[in-house]
Amino acid sequence: MDPLKAGRYGVLAISDTGCGIPAEEMGSIFEPYFTTKDVGEGTGLGLAVVHGIISGYGGDIQVTSTPGQGSCFKVFLPCIENPDIPEKPALAEHLPGGTEHILIVDDELVIARVGARMLERKGYRVTIRTSSIEALNLFKNKPQAFDLVLTDMTMPNLTGDRLAAEVLAIRPDIPVVLCTGYSKKIDADTATALGIRALIMKPFSTHDMLPLVRRVLDGERVKMESAESLSR
């Protein structure tokens, strides 16, 4: 990892007394989709997303671990030197909302809930499913109940691109937005060919999500940028 810039930092340390992390895995734990879980039990995006958020704020996350004794994660976040920063306008004043019903599909419940909260605060109705198979069955039974499907890309059993193909085969007019945390998993051309309306890169913010969802729901032609471009 890059060294931290000189300055004052707040530090949050979290430790456990678990099994620890083997030395040969330490260099990979922040890579997207790296996981030691069995197939179907996790996607390995949690630490990659956390690292991306912390790095975006100019901080860092460091880890020490002893196999058989536990691990300690330290999060460094830069302190604000000048607190006299003008307040930003409230989100409700300048970000678009709506009343449509949106289906969120993500096998990480925490991420699904964060997305749901962003949308519900702006008036949308949201249904969450953490299983892509369950989401597909729900859509099959109620294809007209939803106005937009927002799905993760990498999930056990049925990936986001395959789920998109299935729901679009049932209802070709349903707008689908695909979330991805890794640029090599899908590109803009593939997404467009499947009928997906837009890509959004994880981790995304309220400022990214709400305007994109509104534009897709309004039927605007959203330029399909590649996930690689979105991640820069």
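This is a predicted model: local features need pLDDT of at least 70, side-chain atom pairs count only at pLDDT 80 or more; totals for chains, interfaces and linings use all residues.
User: Why is Arg-171 called buried?
Analyst: Its relative accessibility is 10%, and buried means under 20%, so Arg-171 gets that label.

User: What makes Asp-173 partly exposed?
Analyst: The relative accessible area of Asp-173 is 45%.

User: What makes Arg-214 and Asp-218 a salt bridge?
Analyst: Their closest N and O atoms are 2.8 Å apart, and the rule asks for within 4 Å, so they count. Arg-214 is buried at 13% relative accessibility, while Asp-218 is partly exposed at 48%. Salt bridges with shared partners join Glu-100, Arg-214 and Asp-218 into one network.

User: How do you know that Arg-214 pairs with Glu-100 too?
Analyst: The closest N and O atoms there are 2.9 Å apart, against a limit of 4 Å. Arg-214 lies in helix H7 and Glu-100 in the loop between helix H2 and strand E4, so the pair ties together parts 114 residues apart in sequence.

User: What makes strands E7 and E8 a pair?
Analyst: They're joined by 4 bridges, and pairing needs at least two, so E7 and E8 pair; they run parallel. One of the partners is Val-177 with Ala-198 in E8.

Methods
Residues are numbered from 1 along each chain as its sequence is written. Side-chain values use heavy atoms; hydrogens and water are left out. Helices (H or I, at least four residues) and strands (E, at least two) are DSSP runs, numbered from the N terminus. A salt bridge is a side-chain nitrogen of Lys or Arg within 4 Å of a carboxyl oxygen of Asp or Glu. Buried means under 20% relative accessible area, exposed over 50%, partly exposed in between (1.4 Å probe, protein chains only).
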